[in-house]
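Here is a friendly walk through one model, from its domains to its helix packing and salt bridges. Keep the viewer open as you read.

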Amino acid sequence: MSNETTVSGGHTEYLPLYAQVKTLLVKRIGAGSWKPGQMLPSEYELAAEYNVSQGTVRKALNALEAGRMIVRRQGVGTFVARHSRDRALYQFFRMVEPDGSRIIPASVVLSQRIQRATRDQAADLGVDSSAMLHAITRVRSLNGKPAIFERIYVPVDVMPDLSVEAHTQMDEEMYVIYQERFGISIVRVIERLAAVAATAEEAKRLGLKAGTPLLEVHRIATDVGGQPVELRISRCDTRRCRYAAEVL
């Protein structure tokens, strides 16, 4: 394996060896060569397979670990990251109490149906405008009080038999369900924030007056291959929570 040269916009760019190895490993994880929780070959074995140094493999694995795609256990080995409820919440749930302390939400699904994607939904998910989506509506409570009204959209082609039980408290996070039932690991989310007014339904579910200001979190979640697999619109009552993000 040697440094690749690519030309973009008239400029020559070089892809370092470790980045090439990282890309190959990501593709194999995405293709299911190694399942969530499964141990990867050793650095020595990967170096021999790709004809690179162990240092190059180590740097590629460091990048995957930084992206939370793998976990390392000292003296044991390197494993494809597996979502647990606590890990999914710690990594992706941005809402905290007004004093900054972390909150564990309780979630109840209100409804699930299949619908045709709108133009905006299709654009967000990178699917055709005729694509069918699972549409899930739920309320998340914080400290026993409803605080977040969510609409979740997942392409039917990606998870054909996705099903969640309505009107009961969810024991697992959606990202855990995606991984355990469909082998799809969420590794990255893109979020946009906006101030919006509560609709009549949102106000009813959150115990507010229609038109009350809410914080909207518009999230697109992608898998290990960078493919969008979920669109989530969360409308949050900021009397009960705040949005917190760490910028490195």
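## Where the domains meet

Seven residues of domain 1 touch six residues of domain 2, with contact meaning heavy atoms within 4.5 Å. Domain 1 covers 17-80 and domain 2 covers 85-243; these bounds come from an automatic or database domain assignment. The C-alpha centres of the two domains are 31 Å apart.

The size of an interface is often given as the accessible area lost when the parts come together. Here domain 1 and domain 2 bury about 600 Å² between them, with 66% of it on carbon and sulfur atoms. Buried area is the accessible area (1.4 Å probe) that two parts lose on being put together, summed over both. On the domain 1 side, Pro36, Arg68 and Met69 provide 65% of the area buried against domain 2, more than any other three residues.

## About the model

This is a predicted model, in which local features need pLDDT of at least 70, side-chain atom pairs count only at pLDDT 80 or more, and totals for chains, interfaces and linings use all residues. Residues are numbered from 1 along each chain as its sequence is written, and side-chain values use heavy atoms, leaving out hydrogens and water.

## Helix packing

Helices (H or I, at least four residues) and strands (E, at least two) are DSSP runs, numbered from the N terminus. Axes are lines fitted to C-alpha atoms, for helices over the stretch in contact, and angles run from 0 to 180 degrees between N-to-C directions. The axes of α1 (residues 17-30) and α2 (residues 43-50) come within 12 Å and cross at roughly 105°, so α1 is roughly perpendicular to α2 (angles of 65 to 115 degrees). Val21, Leu24, Leu25 and Arg28 of α1 make this contact with Leu46, Glu49 and Tyr50 of α2.

Next, α2 packs against α3 (residues 54-66) at about 110°, with the axes 8 Å apart. That makes α2 roughly perpendicular to α3 as well. Glu43, Tyr44, Leu46 and Ala47 in α2 meet Gln54, Val57, Arg58 and Leu61 in α3.

## Salt bridges

How many salt bridges does the structure hold? There are 16, each a side-chain nitrogen of Lys or Arg within 4 Å of a carboxyl oxygen of Asp or Glu. Between domain 1 and domain 2 the count is zero.

Arg219 sits in strand β10 (residues 213-222) and Glu191 in strand β9 (residues 188-197), 28 residues apart.

Key: Angles under 35 degrees count as roughly parallel, over 145 as roughly antiparallel, 65 to 115 as roughly perpendicular and the rest as oblique.
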